[in-house]
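Biologist: I am new to this one. Please take me through its aromatic rings.

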Amino acid sequence: MEFEDFQTSPLTTPAPASQAPTQAVAEGSVNERLLALCAAVDAADRGNFSLPLPLQGHDRLTLMARQLQRLFGRLLAAESAGEQSADSLVDPLLRRENNRLKYLIANTPAIIYSSVPTGDGTMTFVSDNATRVLDYKPEEMVADPSFWFDHIHPDDIASIFSSFSQIFTEGHHAYEYRFRTCDGRYLWMHDSLRLIRDADGKPLEVVGSLTDITARKQMEEALAQKGEEQRLLINQLQETQAQLLQSEKMASIGQLAAGIAHEINNPIGFINSNMGSLKGYVDTLCALVDGFDQSLQSLVGQPELKEKADQLMKKADYAFVKDDVADLVRESLDGLKRVRDIVQALKDFAHIGETDWQLADLHAGIDSTLTIANNEFKYKATVSKEYGQLPPVKCLPSQLNQVFMNLIVNASQAIQTNGIITVRTGYADDWVWVEIGDNGAGIAPDILTRIFDPFFTTKPVGKGTGLGLSVSYNIVTKHGGRIDAVSELGKGSRFTVHLPVNPPQLAI
């Protein structure tokens, strides 16, 4: 090519309508107008000057279209006047514009191509910029009938075939697919197709404009990935907020329990002390009465005094009172001991103020938790404890007590009547385990994998927040451990908490 062929001339006034047999194409994208110009030139080369030209606009494409319009008009006028055939005028007059058009096509960002209207991908023309974009020579792409579909990503071919018929019904269609370059990479391409028909409406060829949209696709993928990351972050924030609220609620309950335990402990302390004194006083009085009775029985010559004393003893039912008062004092002292145990369990369970990691006896934590939760299961289940030998565990005791509480309450709620809650413990290889099982309703297999998800619950509305197991899972994970769950419908469930004796982040 010679560059003087591509020099432009000033924009001139359009030729009269009689010299412009072609219709105007509405101003659109550069690719669409370039496709229309290519189709018109190709048709003119076959003697058909009726295809529309892109005449609306003020750029170089419009200038070329107007020049071609005037050229087509002169060719038709000369042919009708019988001066010479249009074919003899086409070569010398059209060559310069055709070369200019090829130059524009070769330097446009989009690859311009044409193919037979059979849908098999056989190409009849590919613009020279295919070498720059795809690193393939146009002639090798045209020579191989299967070249196009052989280089489309296998995952994208089905969608192209399924909708290719639309181009024959609508006259145009667009695709986005991945195309393999010469070095084996896949580029995302936007393929805009237009069907060219002859004057009788018969399909002549398909003209396409292929644009590299890889950068746009990468940006869309990055935005989608960022959106997914943000969605996951929002979910994590929501879960963390819910868990914090649950932890704060448990901390408030623990603080309240500790306060109540302290307040109860004061009166219980002096009541217990008074009951001890009362027991001593009662024993002393009973001994005194027995001594008087023995003295009266040994008196001689005073039957009336002895009889009167017997009447008083009988009236007061002294024998019954003596036996019963001892039982009352003993039962009262036993009841006070139970209250003291509950108060101590509340204090042990709460561990208010203990925010540092410390060595703790897990059995003591389980026992205090069972005492606190006793009201949950005492009327429908018994507790079977099978404790092994456990070393002290480095942990946050109050948080582990919360885990044990959640598992014990869940086990109780799974039981209707006459159930058994089994608590087993063991130790091996610097790991301890605590298993809490029940013989209740069990958990369906399809939801067993979701039980640790936040807000997931099988309980009726208002009966649970769905955070108990989620919070427990996070607490155990923070301790470097794990929770295993095994369940069978109708036979019960077992939750096993595995904990390292020294969590990895705290190991010295």
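Modeller: Start with Phe161. This is a predicted model, and in it Phe161 has 47% relative accessibility.

Biologist: Why is Phe161 called partly exposed?

Modeller: Buried needs under 20%, and exposed needs over 50%. Phe161 stands at 47%, so it counts as partly exposed.

Biologist: What makes Phe149 and Phe161 a stacked pair?

Modeller: Their centres lie 4.8 Å apart, and pairing asks for centres within 6.5 Å. Their planes meet at 20°, under the 30 degrees for stacking, so the pair is stacked. The two residues are 12 apart in the chain, with Phe149 in helix H6 and Phe161 in helix H7.

Biologist: Is Phe149 buried or exposed?

Modeller: Phe149 is buried, because its 16% is under the 20% limit.

Biologist: How many aromatic pairs does the whole structure hold?

Modeller: The search finds 5. One of them joins Tyr136 and Phe147, with centres 5.0 Å apart.

Biologist: Why is the pair of Tyr136 and Phe147 called edge-to-face?

Modeller: The planes stand at 90°, over the 60 degrees required, so the pair is edge-to-face. Tyr136 sits in the loop between helix H4 and helix H5, while Phe147 is in helix H6.

Biologist: How do you know that Tyr136 and Phe147 are buried?

Modeller: Tyr136 has 7% and Phe147 has 4%. Buried means under 20%, so both qualify.

Biologist: Which residues form one aromatic cluster with Tyr136 and Phe147?

Modeller: Tyr113, Trp148 and Phe179.

Biologist: What lies over the face of Trp188?

Modeller: Lys217 does, at 4.5 Å from the ring centre. The distance cut-off is 6 Å.

Methods
Residues numbered from 1 in each chain as written. Predicted model: local features only at pLDDT ≥ 70, side-chain atom pairs only at ≥ 80, totals over all residues. Heavy atoms only, no water. Phe/Tyr/Trp six-rings, centres within 6.5 Å; stacked < 30°, edge-to-face > 60°. Helix = DSSP H or I, 4+ residues; strand = E, 2+ residues; numbered from the N terminus. Buried < 20%, exposed > 50% of the residue type's maximum accessible area, 1.4 Å probe, protein only. Lys NZ or Arg CZ within 6 Å of the ring centre and 35° of its normal.
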